[in-house]
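Dear colleague,

My notes on it follow directly after.

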Amino acid sequence: MCGRIVQYRSPEDYAAALRLSEPDPGLSLRPATFNGAPGQDFLIVRQEGEGNEPVLCISQWGFAPDIAGDRKMSARLATAHAETVVTEGSFCAAYRYRRCLVPVDSFYEWKKLGPMGKQPHAVGMEDGRPFTLAGLWENWRGPEGAWLRTFAIVTITSNKLLAGINDRMPLIIDPQDRARWLSDEGHPGDLLRQHPSEGMARWLVSPEVNSLRNNGPSLLAPMAAAG
DNA sequence: CCAGACGTTGTT
DNA sequence: GTCTGG
DNA sequence: CCAGACGTTGTT
DNA sequence: GTCTGG
């Protein structure tokens, strides 16, 4: 599903990895996280207007539809289905005009074990390098007039690597496709596809990741399968 | 995504 | 179960 | 309970 | 996700 992500590097590191120009120094104030959840702030990449270069900025995970108006902020959508993002009411304008990238080092998926509970796995790239998830962003105006920039992560059917864990995975945008995803192209539909299993890795991690009280590099430590 | 709260009525 | 907070 | 909708301005 | 309609 993608409800927990890792974004532990500095803005400078992500900028270098994504070949962006030097990021705003203020972004360094954002705490890095090994256990990031909806409701928290993350670095995202946006391109405002064609011809402008993509830049890193801060945004809160949990898409607040502009139609939300005075509706509760609880209408915060952490994910958007790639299959319906073109037409789906709350997302289609954001898909058309406000796509973004979420640079991550890995993400977590929980495998349901029936009555036995669930088992967390980390997922990343085999080479350990950061990669980018497809996102949609929106400015939402709160009741007191304050503006909040929010985003959702686009998900798609799981590839072979992840099918055994969960039926959906985040939409990963490969380096050669990032510019198009950020561009003002109306409907880059061919990018709405599964990332192949090849080049990706998954491994069992400790249930310590369940609680947001825990946050540190040890959350990514591979754990031997029980039994 | 997961963890944790969930009540202030009216007598099981 | 549903909702909120992180 | 499930199915289906969820914005209409002018692109932040 | 939340809400409405059936």
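This is a predicted model. By class, the surface near DNA strand B is made up of three charged, three nonpolar and two polar residues. The residues concerned are M1, G3, R4, P38, W110, K118, N210 and R213. Of the atoms of DNA strand B that come within 4 Å of the protein, 72% belong to sugar and phosphate.

The side chain of N210 has an N or O atom 3.3 Å from a phosphate oxygen of DNA strand B. At G3, a backbone N or O atom lies 3.4 Å from a base nitrogen of DNA strand B.

Turning to the protein itself, chain A contains 13 strands and four helices. Among its 227 residues, 48% count as buried. Its accessible surface is about 11,100 Å², and carbon and sulfur atoms contribute 53% of that area. Among the contacts in chain A with a separation of 6 or more, 66% are between residues 24 or more positions apart.

T79 belongs to strand β5, which covers residues 79–81. Is T79 buried or exposed? T79 counts as buried because its relative accessible area is 17%, and the cut-off for buried is under 20%. Beyond its neighbours within four places in sequence, T79 is in contact with M1, C2, F91, A152, I153 and T155. M1 is also one of the residues around DNA strand B.

Yours sincerely,
A colleague

Definitions and conventions
Residues numbered from 1 in each chain as written. Chains lettered and ligands numbered in written order. Predicted model: local features only at pLDDT ≥ 70, side-chain atom pairs only at ≥ 80, totals over all residues. Heavy atoms only, no water. Near = heavy atom within 4 Å. Polar contact = N/O pair within 3.5 Å; in protein donor to acceptor, adjacent residues only side chain to side chain. Nonpolar A, V, L, I, M, F, W, Y, C, P; charged D, E, K, R; others polar. Helix = DSSP H or I, 4+ residues; strand = E, 2+ residues; numbered from the N terminus. Buried < 20%, exposed > 50% of the residue type's maximum accessible area, 1.4 Å probe, protein only. Contact = heavy atoms within 4.5 Å. Areas by Shrake-Rupley, 256 points an atom, 1.4 Å probe, with all protein chains shown as cover.
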